[in-house]
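This briefing is intended for a reader who has the sequence and the model at hand. It treats strand pairing, helix packing, the chain interface and domain arrangement in turn.

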Amino acid sequence: MPPLAQRNLFHDKVRLAVTLTGIVFSVVLIVVQLGLFLGFTTATSNLIDHSGADLWITSKNVPYVEQGVAFSERKLNQVRAVPGVGDAQKLITRWTQWKRHDGGQDSVQIVGINVDDKMERPWNLVQGSIEDLKSPDAVILDELYKQKLGVTGVGEVFEIGGYRARVVGFTRGIRSFTTSPYVFTTFKNAQNFANLREDQTMFILVKLAPGANLEQVRHDLLANVKDVEVFKTAEFSRMTTFYWMFTTGAGVAVLIAAVLGLVVGFVVVAQTIYATTVDHIREYGTLKAMGAPNSYVYKVIMKQAAIAAVLGYALGMIVSVFVVNGSQKGGAAILMPPPMAVGMFFLTLLMCVGAALVSINKVTRIDPAMVFKG
Amino acid sequence: MQSAIAVRQLLKKYEEGTSGTLALRGVDVDVHPGELLMLMGPSGSGKTTLLSIMGCILTATSGSVRVAGREVVGLSEKQLPALRLEHIGFVFQGFNLFPTLTAGENVELMLDLKGASSSRAKLRAHELLEQVGLGEKYNAFPADLSGGQKQRVAIARALAGDPGIILADEPTAALDSHTGRTVMEMMTELAHKRGRAVVIVTHDSRVVNYADRIVRIEDGAIAGNTEAETVPPELLAQSLPQAAMGLA
């Protein structure tokens with residue numbers, strides 16, 4: 001086929017620029033919003049997803065991880081006695097106050113762990129080690145929040161919940177959705193920082209013994225340990241994510257913005273492709289008069305839309321990569337995993353081809369007899 | 001000899017609200033291979049409507065139209081494009097070239113519609129442009145061609161589908177007299193030397209002498225059907241003032 005679609009598209013440079021701007025704007029907006037949604041989603045369930053546990057034991061009616069309610073740590077022994085439980089450890093996550101050197105206070109989320117255990121350890125350590133947490137009052141936090149918490153380096157001493165805390169290491173990229181940074185410490189320190197009694201925990205994490213049946217162990221735990229709920233890790237992760245993203249409305253707002261990006265892109269592309277089609281309407285009429293079936297004309301318009309989609313997507317992704325990389329140093333990460341980048345290509349193609357349907361409707365109604373009118 | 005186009009008792013009514021306008025009323029015309037027929041008549045007489053129906057672009061209200069031996073009245077809108085593609089080539093007053101395609105690509109487009117491969121289409125487009133004297137203009141865009149050259153490209157495009165019938169709507173109206181003559185000589189050659197049935201709608205009295213037959217239409221009906229040798233001087237004279245007065 002002679003390059004009619006390409007030529008029509010590139011003939012009017014200004015219109016091409018408008019079309020591509022619309023697509024790029026749409027691609028970047030959708031990537032940013034979906035990336036934010038993904039970043040938020042990941043942040044909400046970070047602790048759970050990286051726990052390495054198979055089951056989470058909570059008090060009754062705990063809807064998400066930040067809403068844990070303290071219960072007696074004596075249940076730990078009951079849990080360990082259930083067949084199929086390979087390992088069980090106490091865990092504290094609770095909001096408390098971090099006091100900066102300038103006297104200001106910030107909310108932080110204490111994560112109290114058993115340092116000798118493999119579950120719920122801080123990951124992506126860039127400075128210090130897990131063993132360092134064994135030293136008195138030791139805490140590890142993420143380097144993203146240094147400025148927020150007034151931390152400049154390892155060794156500095158602060159106050160958490162009225163108790164002394166010493167920074168012994170930093171992680172990278174462990175974000176908290178609530179903007180209250182996670183502060184990892186020992187279970188004992190966490191009880192102090194979070195003002196819990198010595199016999200209290202907030203969660204018990206369970207790792208199954210090799211070959212144990214998850215559902216069976218869960219059933220047995222519920223039967224043998226009173227006044228608790230037992231969640232599979234993925235289930236508790238979903239509950240937490242759902243709470244933050246949908247019950248609070250935060251995720252809905254981000255998703256709506258992504259949909260708006262799609263709508264804006266669709267309208268801009270539809271409008272410009274429609275205008276291009278109207279500009280060339282006599283040519284399409286001539287094509288039909290020459291004997292071209294509608295499908296041939298549709299192919300020209302679709303090809304135009306597809307070329308615009310490919311160009312717009314490529315430019316949009318270049319901008320998006322800069323935005324995504326830039327966000328890695330901020331509090332809200334924009335994530336763009338490869339499947340999302342691939343999905344965006346098809347979404348862009350769908351948007352442009354869908355927008356071209358408006359023009360196709362116009363072309364379908366062309367009366368080829370128009371070619372005889374002057 | 002079988003007619004390339006045979007029109008019988010053709011009626012065309014344009015619906016407008018509850019009433020309608022009768023554009024053609026009982027028209028009978030035959031166009032034979034190797035014949036150049038001119039349709040003449042005042043504006044609004046129905047000649048372009050007749051050309052459109054002969055070209056399978058408009059559908060008739062009633063009557064019979066046989067194109068290349070096939071009855072086209074009653075065919076669906078989906079069947080007509082294939083018939084046009086196979087049997088009919090069009091030449092338009094405004095050339096209707098694709099401005100973003102080169103002269104060669106304009107011709108290739110027709111060949112592509114006919115299913116020719118890209119290499120075959122390029123070769124044939126070169127040949128056709130050579131035939132109309134524009135071999136060296138293959139890569140020129142329409143904007144860089146004169147009116148006469150554009151019309152010759154349009155003729156090459158019409159011929160690309162190797163149609164038995166060429167329908168032209170005012171092909172010389174936008175051309176000066178010299179270029180108009182060149183185009184008409186080309187049309188005559190198509191009819192007389194290549195056996196095409198050529199139908200030309202025109203107001204241009206300068207080209208009447210090229211006709212084998214002139215069919216005059218008035219108020220949607222045939223007012224005259226005259227062989228070239230017997231074209232009366234008054235018919236020629238009738239055309240002149242209309243063209244001169246801008247009634248065309």
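**Sheets, interface and domains**

In chain B, strand S9 (residues 213-218) and S10 run antiparallel and are joined by six bridges. Strands (E, at least two residues) and helices (H or I, at least four residues) are DSSP runs, numbered from the N terminus, and two strands pair if DSSP finds at least two bridges between them. This is a predicted model, in which local features need pLDDT of at least 70 and side-chain atom pairs count only at pLDDT 80 or more, whereas totals for chains, interfaces and linings use all residues. Residues are numbered from 1 along each chain as its sequence is written, while chains are lettered from A and ligands numbered from 1 in the order in which they are written.

**Six-stranded sheet of chain B**
- Six strands of chain B form an open sheet with mixed pairing, in the order S6-S7-S8-S3-S9-S10.
- Strand S6 (88-91) and strand S10 (221-227) of chain B are at the edges with a single partner strand each, so one side of each has no neighbour in the sheet.
- Neighbouring strands of this sheet are turned by 20° against each other on average, direction ignored; axes are lines fitted to C-alpha atoms, for helices over the stretch in contact, and angles run from 0 to 180 degrees between N-to-C directions.
- B:Glu218 has B:Ala221 in S10(B) as its bridge partner.
- Helix H5 (residues 147-160) of chain B lies across S6 and strand S7 (165-169) of chain B, at about 170° to S6(B).

**Four-stranded sheet of chain B**
- A further open sheet of chain B has four strands in the order S2-S1-S4-S5, with antiparallel pairing.
- Its edges are strand S2 (19-31) and strand S5 (70-71) of chain B; each has a single partner strand, so one side of each is left without a neighbour in the sheet.
- Five bridges link strand S1 (residues 5-16) and strand S4 (residues 62-67) of chain B in the antiparallel sense.

**Interface between chains A and B**
- In the interface, 24 residues of chain B are in contact with 21 residues of chain A (C-beta atoms, placed from the backbone, within 7 Å).
- H3(B) gives the most to the side of chain B that touches chain A, with six residues.

**Domains of chain A**
- The domain assignment (automatic or database) gives domain 1 (4-43 + 249-372) and domain 2 (61-226) of chain A.
- The C-alpha centres of domain 1 and domain 2 of chain A lie 47 Å apart.
- Four residues of domain 1 of chain A are in contact with five residues of domain 2 of chain A.

How values were computed:
Contact = placed C-beta atoms within 7 Å.
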